[in-house]
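Here is a report on one protein chain. Keep the sequence and the structure in view while reading.

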Amino acid sequence: MASEEASLRALESLMTEFFHDCTTNERKREIEELLNNFAQQIGAWRFCLYFLSSTRNDYVMMYSLTVFENLINKMWLGVPSQDKMEIRSCLPKLLLAHHKTLPYFIRNKLCKVIVDIGRQDWPMFYHDFFTNILQLIQSPVTTPLGLIMLKTTSEELACPREDLSVARKEELRKLLLDQVQTVLGLLTGILETVWDKHSVTAATPPPSPTSGESGDLLSNLLQSPSSAKLLNQPIPILDVESEYICSLALECLAHLFSWIPLSASITPSLLTTIFHFARFGCDIRARKMASVNGSSQNCVSGQERGRLGVLAMSCINELMSKNCVPMEFEEYLLRMFQQTFYLLQKITKDNNAHTVKSRLEELDESYIEKFTDFLRLFVSVHLRRIESYSQFPVVEFLTLLFKYTFHQPTHEGYFSCLDIWTLFLDYLTSKIKSRLGDKEAVLNRYEDALVLLLTEVLNRIQFRYNQAQLEELDDETLDDDQQTEWQRYLRQSLEVVAKVMELLPTHAFSTLFPVLQDNLEVYLGLQQFIVTSGSGHRLNITAENDCRRLHCSLRDLSSLLQAVGRLAEYFIGDVFAARFNDALTVVERLVKVTLYGSQIKLYNIETAVPSVLKPDLIDVHAQSLAALQAYSHWLAQYCSEVHRQNTQQFVTLISTTMDAITPLISTKVQDKLLLSACHLLVSLATTVRPVFLISIPAVQKVFNRITDASALRLVDKAQVLVCRALSNILLLPWPNLPENEQQWPVRSINHASLISALSRDYRNLKPSAVAPQRKMPLDDTKLIIHQTLSVLEDIVENISGESTKSRQICYQSLQESVQVSLALFPAFIHQSDVTDEMLSFFLTLFRGLRVQMGVPFTEQIIQTFLNMFTREQLAESILHEGSTGCRVVEKFLKILQVVVQEPGQVFKPFLPSIIALCMEQVYPIIAERPSPDVKAELFELLFRTLHHNWRYFFKSTVLASVQRGIAEEQMENEPQFSAIMQAFGQSFLQPDIHLFKQNLFYLETLNTKQKLYHKIFRTAMLFQFVNVLLQVLVHKSHDLLQEEIGIAIYNMASVDFDGFFAAFLPEFLTSCDGVDANQKSVLGRNFKMDRDLPSFTQNVHRLVNDLRYYRLCNDSLPPGTVKL
């Protein structure tokens, strides 16, 4: 015993030293090694048992329990049965003796260790494991301990985390399911007993809190008067012990509900009891009483009571989240909804808005979150099921949801409720689409609720009604979606507005437009306050109050303009004629507003509070242009309706819009406004395409400005957009006109001169025999290349999907610039930033204009690139130039992807050199690098090469393959094909999961389209792939892709199931190390010879799981153990 005593003292001092601030990391490592070695000794657990019963040091206890945990989970198989019996009997005794005095984290860890033993030995060797837990729960002294054991058992046995064999996992689940009814009965009993014991129903109940308004709604929601009466009972005030027991019982229920199926075991009395406890979260009165009484008695604080409500709602939500509901359980669900809506009514009870909000503010935040989760689950999972019950009042439910939504105390809470409305509106929209006959009936039922929702959401985004809350929103910091809190608030609100508009277009429009009008009047009225001062124009509004009101009105106008823009899609298509007048009214207002802003130059005006009002004025101007841009599809439809008789009204709309845009295309205008104007110009040129656009003086003005060499260049993005618009005006065919009226010759000449002006400086860079290249500083040259190529590339990209004629004209204009680019390319091969831009340009050309470039020139480009990208150049780019260098190589490979996909024979001669470049030059450089750079593009190129050039490898005709049978098909270029397949196989051994997923998808696609697995079946390669994929599953390195890997293995095996079962599987098992012959034969026997996909993949996962489990068991055996 002395040695145990001495060991304990030594361990205590080691532990104290380990966690002391002054201990060095070096010393900590020494201590750690010492402790690990001690734990590995065969009899270490005996010492630990003594330590546990004799020490009060937390660190020592935790260490001792870790030794037991390791023993049970990793070495149990090799522990002698006598020792196991001793451990099974000692640890529970220890727990019983000390559970009241142990710190909670030590007690919980000890429970987990005992449950781990049960996971291994129950019921065969530890038959009273579960019975003991039930006894603990039933004995009042140990109820809390029993509940902790029960919850741990549910966590560890129902969904075991450690490796167990599949058979054992299934056995444990079955054993637990057999106990569910007993356990649920016990838990119901505990909760009911506590409730009844503390309930005050014996005394005269106070007047019902809902008596004032319990009328129709309550009697509708709660059919049986008894349940209404039950739920109106005052909430009991619990002592600390009872509250603790109830919270443990509810935690157990929440975990049990997460995995047990919905069935009759979940009784009505259990559900009612859970709802009783859910009331703890929303009963403020009882909280206040508790806080009054709390000082004198052993009572629970309001916060603790709130926690019971949160736990009860967690239980309810676990049940709600199950989509598969058996018929017999539907009635229970209905009862659950009725009871929850009783709670919802309780929370939102009061007609005075402020008190509802203050009620919600007083509730626990987690409770509100759980309640919102419940409502979301109700609408998304169960509404379609419940709506058909005549006794369920959906409209009244929406009334409650409305009150709940618009009294949320936090922005996050409000967002979550808007999500629920979005789900409801989606449900309604899809319901109407599937039952068009009942459309009117459905809409009439919900119309009032939707109009109310629309009005309130619109009010919520306006400073006029909601300034205090909107001021709190952050409009500076961007979140992960690149939007600020204010933008997110507005966007989510406008989505709801748009969905209501889709259902009730006339109502929505008549609600929104007058509000927009009001704010527009203020904006248009600003003109009278503009005075001319020495330095320019000034807005003569200076009183602080007036400035604040103007700020609010401008912010609201900006939001309402976005709302009007968001609704543009509901005026086009089939409803164009029916809603024409409404849309015309909107568009005319928008054109008027944009022109007004541009004419009186509000963006340059001086104001009393420049930091606030100037951004407001710029924003309104930009939003009016953006809203008008949203109506470009409507304008296009209008254009095609009137194209025969070019009505003056349409011409005026377009030319006035151009008058509003032109003054803004200037370097003096702020970027936000400039870009809005440019985007609107692009939409007019691309979407609307009126014939007369080019003849409008304002458009001519923009042409002159852009082609004038002396004019200041706009910021890059704006310059690109304006050039795109001008190019599209000349290149895109006019709608509804025959080919002979398109005026191509004139437009072609104009386009050539436009491109010539835009590329003047660039073309001058080309060295010629007469004038060798002028020496210009490198940075200036780079700037010219960047500015010109960004514009030209954008023009080509935007024309690539258009008619042949447009692309032809485009290429004619560009031809000289393209030749200059090819001539300059070799000179800049070592400047990876320039090469990157040039290759981007060529990639866009190949994608959009390769037919127009013609075969000889395309061949010349490809040959130039192949010559330039030598092995040395590739290595320099990939290894030494960082991300830009890798991007250059990736773009080059992308160009080759376009080349290998080209149908016909034109580029086939390049295939050998492209494959050689991939396999002999690029692949060796990147194969062993852990970085994913270039790999994805390289494998895509290899995939496209195989996919589009299958006949390069497998020549045989259909007839020949029918005559000879598939397996005989002749392979050509076999070394190259094998090298590509080897590269794919190699990629599955690397850790990059994205590359793995992509390449697995490529192989599966090649198999679907070209029967790849049949082709490689003759070589040993197919089963090498299966082997690699099985190993990946065993090593758990790509667990996220388990399902995809399983399906791929099935597709490979299905080429030759007989070979798989008879040859591959035994061979695979023979080669497996870490398992003995007997275990291998069990693994083989358990792999059933199923040939359907679900059973086969299940067998694969079983094999992998059990192989891992056996290895774990064998590793845990003490050295020298004889295995029979």
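## A buried loop residue

Gln-483 sits in the loop between helix 22 and helix 23. The model is predicted. Is Gln-483 buried or exposed? Gln-483 counts as buried because its relative accessible area is 9%, and the cut-off for buried is under 20%.

Which residues does Gln-483 contact, leaving aside its neighbours within four places in sequence? The partners are Thr-477, Leu-478, Arg-488 and Arg-491.

## An exposed loop residue

Arg-56 is also a loop residue. Its loop runs between helix 3 (44-54) and helix 4 (58-74). Arg-56 has a relative accessibility of 54%, so it counts as exposed; the cut-off for exposed is over 50%.

Not counting residues up to four places away in sequence, Arg-56 touches Met-61 and Leu-102. Leu-186 is 130 residues from Arg-56 along the chain. The C-alpha atoms of Arg-56 and Leu-186 are 34 Å apart.

## The largest pocket

The largest pocket has a volume of about 690 Å³. Its lining counts 30 residues. Of these, Trp-486, Gln-562, Asp-619, Gln-623 and Lys-672 are the closest to the pocket centre.

Which helices each supply at least two residues of this lining? They are helix 22 (463-472), helix 23 (485-503), helix 25 (544-566), helix 27 (610-630) and helix 30 (671-688). Helix 27 gives the largest share, with nine residues. By class, the lining of the largest pocket has 12 nonpolar, eight polar and 10 charged residues.

## The cavities

How many cavities of 30 Å³ or more are there? The count is nine. The largest cavity has a volume of about 70 Å³. Its lining is made up of Phe-130, Leu-150, Thr-153, Ser-154, Leu-176, Gln-179, Val-180, Val-183, Leu-256 and Trp-259.

Helix 8 (143-158) and helix 9 (166-198) are the elements that give two or more residues to this lining. Helix 9 gives the most, with four residues. The lining of the largest cavity holds seven nonpolar and three polar residues, and no charged residues.

## The whole chain

The chain has 52 helices and two strands. Its C-alpha trace spans about 105 × 85 × 70 Å along the principal axes. Of the 1124 residues, 53% count as buried. The chain exposes about 50,100 Å². Carbon and sulfur atoms supply 53% of that area.

Now take the contacts between residues at least 6 apart in sequence. Of these, 75% join residues at least 24 apart.

## Confidence

The mean pLDDT of the chain is 86. A pLDDT of 70 or more is reached by 91% of the residues. Where is the pLDDT below 50? One such stretch is residues 202-226. Beyond near neighbours in sequence, this stretch has 32 contacts in the model.

Methods. Residues are numbered from 1 along each chain as its sequence is written. This is a predicted model: local features need pLDDT of at least 70, side-chain atom pairs count only at pLDDT 80 or more; totals for chains, interfaces and linings use all residues. Side-chain values use heavy atoms; hydrogens and water are left out. On a 1 Å grid over the protein atoms alone, a cavity is a set of points where a 1.4 Å probe fits but cannot get out, and a pocket is an open set with protein on both sides within 12 Å along at least five of seven lines; lining residues have an atom within 4 Å of a point. Grid points are joined across faces, edges and corners, and a volume is the space filled by probe spheres set on the points. Ala, Val, Leu, Ile, Met, Phe, Trp, Tyr, Cys and Pro count as nonpolar, Asp, Glu, Lys and Arg as charged, and the others, Gly among them, as polar. Buried means under 20% relative accessible area, exposed over 50%, partly exposed in between (1.4 Å probe, protein chains only). Contact means heavy atoms within 4.5 Å. Accessible areas come from the Shrake-Rupley method with a 1.4 Å probe; for residues, only the protein chains shown count as cover. pLDDT is the predictor's confidence in each residue, from 0 to 100.
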